[in-house]
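Morning, everyone. Please have a look at the model on the screen, and then I'll walk you through it.

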Amino acid sequence: MNAVIEQAGLALREMRETDLATVMMVERAAYPHPWSEGVMRDCLRAGYDCRVGELDGRPVAHAVVSVAVGECHVLNITVHPDCQRRGFGRALLRALVERARAKGAQTAFLEVRASNTAARALYEAEGFCEIGRRRGYYPAANGREDALVLARELGSGVAGFQSPATSGAR
C-alpha cells in the first residue's frame, strides 16, 4: 500500500481533528456541494478510516472509508483541483481498498455522480462495476442528481464484480 502512495508522490497518514480546517478547504475547492465539517467530524468520531494525502507536507487530498461486516464503503475521495489528474485519487483508492481488505472486507461499494465521467472512468479501471442507481441522491445546481452504485470484489488484484444482470442470475 505504501508503495502505491509513494509512487504517486503522496504521503498518506491518519486524519486528525486538527486537520479539519485544511481538509474542509480542499473539500470546498473540489466540490460545489461539499461535505460539511460536522459530517467529516462525525466520520472521525465513528472510527471510519479517514486519511489525508500530503504533497510536500501540504494536505492536498483526503478520503473516508467505512469497513464493517465484510464490506467496505468508500464514502469520500477528494483531491484538490490543482492536484487532480496526477494519479492521487487512484493512489488513495488503491491504498484504502488494500486497508479494507486487510481488515477483512470482501466487497467494496461506492456511489458516484452519474455526470462525473472522470471518477467513473477511474473506478471502472480499478474493477468497480455498476450495480444500481440511487435517484436524486446528490444535490445539484438544478435540483438533484442520480448516483450510480458501484461495487468491486476485494479478491487479489483488480477484479470485477458480477451484478445479477451480468452473472446470469435473475
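First, a term: UniProt positions follow the numbering used here, feature names are shortened, and annotations may be inferred rather than shown by experiment. This is a predicted model, so local features need pLDDT of at least 70, side-chain atom pairs count only at pLDDT 80 or more, and totals for chains, interfaces and linings use all residues. Residues are numbered from 1 along each chain as its sequence is written, and side-chain values use heavy atoms, without hydrogens and water.

Now, the record. The unreviewed UniProt entry marks a "binding site" at Arg85, Arg86, Gly87, Phe88, Gly89, Arg90 and Asn116.

Take Gly89. It sits in helix 4, residues 88–102 (helices are DSSP runs of H or I, at least four residues; strands are E, at least two; both numbered from the N terminus). Is Gly89 buried or exposed? Buried, at 14% relative accessible area (buried is under 20%, exposed over 50%, partly exposed in between, with a 1.4 Å probe and protein chains only). Gly89 touches Ile77, Val79 and Leu122, leaving out residues up to four places away in sequence (contact means heavy atoms within 4.5 Å).

Next, Asn116. Its place is the loop between strand 5 (107–113) and helix 5 (117–125). Asn116 is partly exposed, at 28%.

Last, Tyr123. Beyond its neighbours within four places in sequence, Tyr123 contacts Ile77, Leu93, Leu110, Val112, Phe128 and Leu150. Ile77 is also on the list for Gly89.
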